[in-house]
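Reader: I am new to this structure. Please show it, and then I will ask about it.

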Amino acid sequence: MSIQPQPDRVIIFDTTLRDGEQSPGATLNVEEKLAIAHQLALLGVDVIEAGFAVSSPGDFAAVRTIAQQVGVPGGPVICSLARAIRKDIQAAAEALKPAAHPRIHVFISTSDIHLKHQLRKSRSEVLAIAEEMVAYAKSFVEDVEFSPMDATRSDREFLYQVLERAIAAGATTLNIPDTVGYSTPKDMGALIQGIRANVPNSDRVIMSVHAQNDLGLATANALAAIENGVRQVECTINGIGERAGNTALEEIVMALQVRKADFNPYFGRPVESDAPLTRINTQEIYKTSRLVSQSTGILVQPNKAIVGANAFAHESGIHQDGVLKHRETYEIMDAAAIGLSENQIVLGKHSGRNAFRTRLQELGFNLSEDELNKAFHRFKEVADKKKEVSDWDLEAIVRDETLPQVEQGFQLEHVQVICGDCACPTATVTVMNPSGEIRTDAAVGTGPVDAVYQAINRLVQIPNQLIEFSVQSVTQGIDALGTVTIRLRHQERIFSGQASDTDIVVASAYAYVNALNRLYRYIQTQTDELKVSPISQQYSERPEFFVNSQLQAD
Ligand SMILES: CC(=O)SCCNC(=O)CCNC(=O)[C@H](O)C(C)(C)COP(=O)(O)OP(=O)(O)OC[C@H]1O[C@@H](n2cnc3c(N)ncnc32)[C@H](O)[C@@H]1OP(=O)(O)O
Ligand SMILES: CC(C)C(=O)C(=O)O
């Protein structure tokens, strides 16, 4: 897809796989990134920022794989971030080679605070580097985006000069980042207006905005930028990203849809024009949100706009009364618009494969025969334990069974727990290690989950600190599926894991092994001195585990 300057719609630049992955603990492997990229393509995003190619072999491989498999002719533009450094640009260009529509995104700071304390360069040096590096990127690809990092805290005149040089060097998109989320909508509007008025040829490139959410103003700032001429918004699914995150894709897209009449005039359209302001297939929003949450282990807060569990729930009598009489009394959009099914048809233990397949298709899951069989097998197991298997349960089952599994990992074979008010919680766990060896061990703990974790620790032997443990009920009722999300820390890095089961102790065990496998894989990719092969040799003594004694279940 080629993007024309000044399109009469908003280009959606998704950076879930780059800035989104900068959320602590959100580390994704190549398979998970690829699955998300395919879903982003289904969602209809215009640009996928697939990673920061130079930053690690894993990121390089992710950008390369996505370029190959998702960056097909007519598909989304695939982009890699690059510092204004030759080796970064070379890595981006190399990784993007297979993409039909590649983009290199070059950035360098323009604020004095960054120049003085981080880059340790003068303004004239930065000016020259920006120009040279944009031109260098242009020697590889036609589509070059330039970002002056910390633009909102930069001296205006200097910012204008840098942008002018970037355009002269061949940038096709100028992205204005509010890197530390400092802007207000009024400031943002004035900044964009100033750039358009003072930077020669700024009407020949696409203006873009990248708003961080430190003050909770990211979406408001992005909308203000649009009102002042921006035609690309950088955003992430569920608003994840560095620190407090980014503009949430679902918020910007639905704001532009629900308030289309107000925005139409900014695009030179009649107020009543029905043409959508983005190319997003909104019915894929909910599914994409769930996939990203499940893959990153970052839960969506219940009151999150658009995709939170409460976003379409009505608790109080007066609201329920209104909605029952006329939905729009208390709803500004229809849940179906984001792909939330209102169909409460319930599958149970007597349901067959056809009904199961049909329901999954209605929910937007098109599984291969193999995936369907795995999911169906698990569905029957759940249906044996639960009277009714709802759409939410189905979604959790499908995610658990079809998400790319971390290769070369440990596999949980069995878990058994004894606990109660007069028993010392004791767990027996069997795990198959990456070389196929099956081992069983037992441990006691402060409670059943702690006992399971201690037993797994004895078998897996990778030091870590459990920093978060949460259980969410997928549906209501005593027989609900519980989803356990855990986050653990190893040195300075955070790894997450998630799993669902009707038995939360079993879900806890799977979630823990899931996170340990991510950690294991990370260790495998480290330098030789850190590499643990076999893993037990480095940690031959019983490691010190720090299991949070106040495990909290929400
Ligand atoms: C606002 C944003 O979100 S920007 C994107 C942030 N994302 C990330 O940083 C995630 C990936 N990052 C990484 O993996 C690593 O930081 C790497 C591979 C990029 C660099 O690692 P290292 O070479 O070890 O450098 P380190 O991260 O310690 O420091 C960054 C260096 O880049 C320089 N730098 C930072 N931004 C830029 C830029 N845009 N252009 C040129 N140089 C830059 C810094 O001044 C510093 O240089 P110095 O080492 O000479 O002081
Ligand atoms: C690289 C840029 C666009 C960025 O992420 C920021 O400044 O926040």
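Reader: Which strands does helix α2 lie across, and at what angle does helix α2 run to β2?

Author: This is a predicted model, in which local features need pLDDT of at least 70, side-chain atom pairs count only at pLDDT 80 or more, and totals for chains, interfaces and linings use all residues. Residues are numbered from 1 along each chain as its sequence is written, and chains are lettered from A and ligands numbered from 1 in the order in which they are written. Helices (H or I, at least four residues) and strands (E, at least two) are DSSP runs, numbered from the N terminus; axes are lines fitted to C-alpha atoms, for helices over the stretch in contact (C-beta atoms, placed from the backbone, within 7 Å), with angles from 0 to 180 degrees between N-to-C directions. Helix α2, residues 57-69, lies across β2 (47-51), β3 and β4, and its angle to β2 is about 150°.

Reader: Over how many bridges do β3 and β4 pair?

Author: Two strands pair if DSSP finds at least two bridges between them. One bridge partner of Arg83 lies in β4, namely Phe107. Strand β3 (residues 77-83) and strand β4 (residues 102-109) run in the parallel sense, and their pairing covers 6 bridges.

Reader: Which elements give two or more residues to the shell around ligand 2?

Author: The residues around ligand 2 (C-beta atom, placed from the backbone, within 6 Å) include Phe107, Ser147, Met149, Asn175 and Pro177. Two or more residues come from each of β5 (143-149) and β6 (173-178).

Methods. Contact = placed C-beta atoms within 7 Å.
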